[in-house]
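Biologist: I would like to learn how the words used for a structure follow from numbers. Could you take me through one case, term by term?

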Amino acid sequence: MKKEYIFPLPLIALDIGAGIVYAAAGDYKKLIYWLAAAVLNIAVTF
């Protein structure tokens, strides 16, 4: 694993985790927000 991926990978996991929590609570606007944040982090990182 490259050194520059060490910090973004946990952030991507946290974004997805936050989306799952909001999906379980039924707040789909925040689910979309956190999934979009994860996609943005993926696009910028890779």
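Biologist: What makes Tyr28, Lys29, Ile32, Tyr33, Val39, Leu40, Ala43 and Val44 of α2 count as exposed?

Modeller: In this predicted model, exposed means over 50% relative accessible area, buried under 20% and partly exposed in between, with a 1.4 Å probe and protein chains only, and those residues on the other side of α2 are exposed. Leu31, Ala37, Ala38 and Thr45 of α2, by contrast, are buried. Seen down the axis of α2, the buried residues fall within an arc of 125° (taken from the directions from the helix axis to the C-beta atoms), so they line one face of the helix.

Biologist: Why is α2 called a helix, and how do you know that its length agrees?

Modeller: A helix is a DSSP run of H or I with at least four residues, a strand a run of E with at least two, and both are numbered from the N terminus. The 18 residues of helix α2 (residues 28-45) should span 26 Å, where the expected span is 1.5 Å times one less than the number of residues, and because its end C-alpha atoms are 25 Å apart, the two values agree.

Biologist: What do the buried residues of α2 pack against?

Modeller: They pack against α1 (8-25), where contact means heavy atoms within 4.5 Å. In α1, Pro8, Ile12, Asp15, Ala18 and Gly19 are buried, and they fall within an arc of 120°, so they too line one face.

Biologist: How are residues numbered, and which atoms and confidence limits apply?

Modeller: Residues are numbered from 1 along each chain as its sequence is written, and side-chain values use heavy atoms, leaving out hydrogens and water. Local features need pLDDT of at least 70 and side-chain atom pairs 80 or more, whereas totals for chains, interfaces and linings use all residues.
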